[in-house]
Amino acid sequence: MVKLGALYNTMTRYQEALDLFRTCYDVRVKSLGKDHELTLGVANNIAAVLDSLDRYAEAQEMYEQSLTILEERFGKTHLNTTGVLLNLGLCYQRRGNLSKARTFYKDTLEICTEAYGEKHPRTLMAYDFLGCLYLIEEKFAEAKEIFEKGMELRKDNYDESHPLCMATMENLASAMQRLGQKQESLEIYRRIVQLKEANFGTKHIDAVKARAGMSIVNAELGNVQEALNTMIACVHDVSAILGPAAPQVQEYLGVVGYIYAICGHWDEGIRYTNMSITGTIKIYGEHHFLVKQLLTRKAWMLTLSLIHI
């Protein structure tokens, strides 16, 4: 039952996965108890699916319950404990509490470095989580430093086609783009797109994400029409995979608006940005940091559109 739920989860059939995991959880609570390691594993599966369904408050509550039990039974350095610490930090991040998320990531990184060493996969994961938070906080130099360190630590154990390496490469490309190192960023993105399309297929969500990142850099380097065509295709692909209300769709709508603005099509830029703002508010609420970023971008478009009248 757990394996079938995991399969549904990878197929983005989240509600079916959630129903199966909850049934399995109830069975294990009755037969093994709430504190058993196998029961806790299913609880974390439930929390992960709730996170995928954007039900972050419920996911956070589930992780917090698991964390209390795991720390009491196995201690803070157990792999299951550090995994929940990172997931809990991610819940806080997605709910907009970035300072709380940062605390979880830094604490986990410290625990993992001391307990497992710098090259352990869980330590490297903690590096990536912290680096991604720095990207959100627009601390691009700090993010780049962390991702470069992650790549250096991984090179002895993984080749570049490994999912963990590709994820770190993609994050590094994003940090470089925001630091103005656009040509270097584009070359990394091109390689990531090649790797992901070869490994997963062109319609896989990870391949779409890589093409979306590449499109932004392409647009900023002046290849606007190519970038716009690719980005609009990304919106359609993600909508087909996850549904039109998914967070990634709202993000990509905002990117389309940004690319339109780059080439001076202010009306279209503002239209797509408004669509992104509306969808993002429905998911996270009007006070979320992503909404604030979109509103700032919209104000920039409105200002420039008036200048160019």
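Visitor: How many salt bridges does a search of the whole structure find?
Guide: This is a predicted model. Side chains of opposite charge can pair when their charged atoms come close. A search of the whole structure finds 18 salt bridges.

Visitor: Which residue forms a salt bridge with Glu160?
Guide: Glu160 sits in the loop between α8 (140–154) and α9 (163–178). Its partner lies in helix α10 (residues 182–200), 31 residues apart from Glu160. The closest N and O atoms are 2.5 Å apart. The partner is Arg191.

Visitor: Is Glu160 buried, exposed or partly exposed?
Guide: Buried means under 20% relative accessible area, and exposed means over 50%. Glu160 has a relative accessible area of 34%, so Glu160 is partly exposed.

Visitor: Does Glu137 count as buried or exposed?
Guide: Glu137 forms a salt bridge with Lys139, with 3.7 Å between the closest N and O atoms. Lys139 has 29% relative accessibility and counts as partly exposed. The cut-off for buried is under 20%. Glu137 has 19% relative accessibility, so Glu137 counts as buried.

Visitor: Which residue meets Asp237 in a salt bridge?
Guide: Asp237 is in helix α12, and its partner is in helix α11, 26 residues apart. Both residues of the pair are buried. The N to O distance is 3.4 Å. The partner is Arg211.

Visitor: Which residues are linked with Arg211 and Asp237 in a network of salt bridges?
Guide: Arg211 and Asp237 meet in a salt bridge. They also belong to a network of salt bridges.

Visitor: What do the buried residues of α12 pack against?
Guide: Helix α12 (residues 224–242) has 19 residues and reaches 26 Å, close to the 27 Å expected. Its buried residues include Val224, Leu228, Met231 and Val238. They pack against α11 (205–220) and α13 (247–262).

Visitor: Which residue follows α12?
Guide: Helix α12 covers residues 224–242. The residue that follows has a positive phi, near 100°. That residue is Gly243.

Visitor: What separation do the C-alpha atoms of Leu86 and Phe129 have?
Guide: Leu86 is in helix α5 (residues 79–94). Leu86 has a relative accessible area of 0%, so Leu86 is buried. Leu86 touches several residues, including Tyr105 and Phe129. Leu86 and Phe129 are 43 residues apart along the chain, and their C-alpha atoms are separated by 7.6 Å.

Visitor: Is Ala210 buried or exposed?
Guide: Ala210 is found in helix α11. Ala210 touches Glu170, Tyr189, Ile192, Val193 and Lys196, not counting residues up to four places away in sequence. Ala210 has 0% relative accessibility, so Ala210 counts as buried.

Visitor: Which residues form a nonpolar patch on the surface?
Guide: One of them, Leu7, is found in helix α1 (residues 2–10). Leu7 is partly exposed, with a relative accessible area of 43%. Together the patch has about 250 Å² of accessible area. Its residues are Leu4, Leu7 and Met11.

Terms used
Residues numbered from 1 in each chain as written. Predicted model: local features only at pLDDT ≥ 70, side-chain atom pairs only at ≥ 80, totals over all residues. Heavy atoms only, no water. Patch = residues over 30% accessible without salt bridge, like charges linked within 9 Å, V, L, I, M, F, W, Y side chains within 5 Å. Areas by Shrake-Rupley, 256 points an atom, 1.4 Å probe, with all protein chains shown as cover. Salt bridge = Lys/Arg side-chain N within 4 Å of Asp/Glu carboxyl O. Helix = DSSP H or I, 4+ residues; strand = E, 2+ residues; numbered from the N terminus. Buried < 20%, exposed > 50% of the residue type's maximum accessible area, 1.4 Å probe, protein only. Expected span 1.5 Å × (residues − 1). Contact = heavy atoms within 4.5 Å.
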